[in-house]
Amino acid sequence: MLAAPPDFLALLNEYQPLLRRVCRMYCATADDQQDLYQEIVGQLWRAWPRYQPRPDVKLSTWLYRVALNVAISDLRQRRRRPTSAHLVADQLPDVPLPPADGPDADDLHQLYRAIDRLSDVDKAFVLLYLEERTYEEMADILGITQNNVRVKMHRVQEKLRQLLTQPA
């Protein structure tokens, strides 16, 4: 295996939290998160020689685009693979949530359960929104227009409202 150039290692060190958040959004278990992280790093490594910095596009935009594409395609491949056991959602253990103290802990738990029920693409919108990305950045990352981002964000927010008001 080739040694990674110092600038690639610095990139991974700086943006590891961002990449880990993408993995947590798309994978429930620590093992799956680590597998996805390795897939993302591998794809970034393969794409790194072709990366061309541009003054009008942030590096994080490129990273998000690669990470989200890998996460979504990885999930699609996993769904196509046969599994040895078919589990119903009610049989799955709850995914541990970030520690939350106080009266808002239940609300946070409900929000994460609702997000988990969204499609893979809708999760990308939620992740970018929670990361406080602008509509312009979202459009660059997702490869769509800002107007399309606005429409999709509105629809995702409506889906979340519906999921949060439905009885569990």
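The legends below describe close-up views of a predicted model. Local features require pLDDT of at least 70 and side-chain atom pairs pLDDT 80 or more, while totals for chains, interfaces and linings use all residues. Residues are numbered from 1 along each chain as its sequence is written, and side-chain values use heavy atoms, with hydrogens and water left out.

**View A. The aromatic cluster of Phe8, Trp45, Trp48, Tyr51 and Trp62.** Ring pairs link these five residues; rings of Phe, Tyr and Trp (its six-membered ring) pair if their centres lie within 6.5 Å, with planes under 30 degrees apart counted as stacked, over 60 as edge-to-face and the rest as tilted. The count by this rule is five aromatic pairs. The ring centres of Trp48 and Trp62 are 6.0 Å apart and their planes meet at 50°, so this pair is tilted. Trp48 belongs to the loop between α2 (30-47) and α3 (59-80), and Trp62 to helix α3, so the pair ties together parts 14 residues apart in sequence. Helices are DSSP runs (H or I, at least four residues) numbered from the N terminus.

**View B. The tilted pair of Tyr51 and Trp62.** The separation is 4.6 Å centre to centre, with 45° between the planes. Both Tyr51 and Trp62 are buried (under 20% relative accessible area, 1.4 Å probe, protein chains only).

View C. Met25 is buried, its relative accessible area being 15%. Beyond its neighbours within four places in sequence, Met25 is in contact with Ile115, Lys123, Val126 and Leu127 (heavy atoms within 4.5 Å). The C-alpha atoms of Met25 and Ala124 are separated by 8.3 Å, although these residues are 99 residues apart along the chain.

Definitions and conventions
Helix = DSSP H or I, 4+ residues; strand = E, 2+ residues; numbered from the N terminus. Buried < 20%, exposed > 50% of the residue type's maximum accessible area, 1.4 Å probe, protein only.
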